[in-house]
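Here is a short briefing on strands, sheets and their pairing. Please look over the model first.

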Amino acid sequence: LTSSAFFTLAAYASDFSIEEKNLQPVSKAMDAAIRNRHEVNADCQFVGKPIDLSGQGHNADLIVTTAHACNWSANAAPVWILHNNQVVFSSSTQTITLKSAKHHHLFDIQSSRSSAGVAMVELWSYSNRQYKKTRSYVFTPDDEKSCNEHSDLCPWRF
């Protein structure tokens, strides 16, 4: 970081954070839907909350992580999104934000995580029964050029 650079860490509202306090245990059916498609430590329990991926005013979808930091890394946790009782998203992240754009009737999403002065942002769009990563960015507090080019995504302001 140059001595002349001033920056502030911007706060972005997320629709889901792995550290939310009021996440609830998921049903046995949702537990099985995740375990049938993804290898997860048998001791891990799943917690989550309903979300509205279509913007129709119905929280019919579910976003899930593991309870008690089970299988978490230093800056992220496994996160799954279920739509119509099927896993449509799986990644390791800290937060999920629903974006305003939609593909195939479901909101695009942004996953974000950060640690030790590095912020990682991934953008995802729904396609063919699952979310696919469309773009990925890595930001550091001394990379003013990238942050200014992607000011809507970079967590630092110069």
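This is a predicted model: local features need pLDDT of at least 70, side-chain atom pairs count only at pLDDT 80 or more; totals for chains, interfaces and linings use all residues.

Residues are numbered from 1 along each chain as its sequence is written, and side-chain values use heavy atoms, with hydrogens and water left out. Helices (H or I, at least four residues) and strands (E, at least two) are DSSP runs, numbered from the N terminus. Two strands pair if DSSP finds at least two bridges between them.

**Sheet with β3 to β7**
- Five strands make an open, antiparallel sheet in the order β3-β4-β5-β6-β7.
- Its edge strands, β3 (24-25) and β7, each pair on one side only.
- Helix α1 (residues 28-37) packs on this sheet and touches β4, β5, β6 and β7; contact means heavy atoms within 4.5 Å.
- Antiparallel strands β4 (residues 46-51) and β5 (residues 61-66) are joined by six bridges.
- Gly-48 lies opposite Val-64 in β5.

**The β6-β7 hairpin**
- β6 (residues 77-83) and β7 (residues 86-93) run antiparallel, with seven bridges between them.
- Across this pair, Val-79 faces Ser-91 in β7.
- Two residues separate the strands of the hairpin, and Asn-84 in the turn has a positive phi of about 55 degrees.

**Sheet with β2 and β8 to β11**
- Here the order is β2-β8-β9-β10-β11, an open sheet of five strands with antiparallel pairing.
- β2 (16-17) and β11 (130-139) are at the edges with a single partner strand each, so one side of each has no neighbour in the sheet.
- Six bridges link β8 (residues 95-103) to β9 (residues 106-115), which run antiparallel.
- Leu-98 has Ile-109 in β9 as its bridge partner.

Key: Axes are lines fitted to C-alpha atoms, for helices over the stretch in contact, and angles run from 0 to 180 degrees between N-to-C directions.
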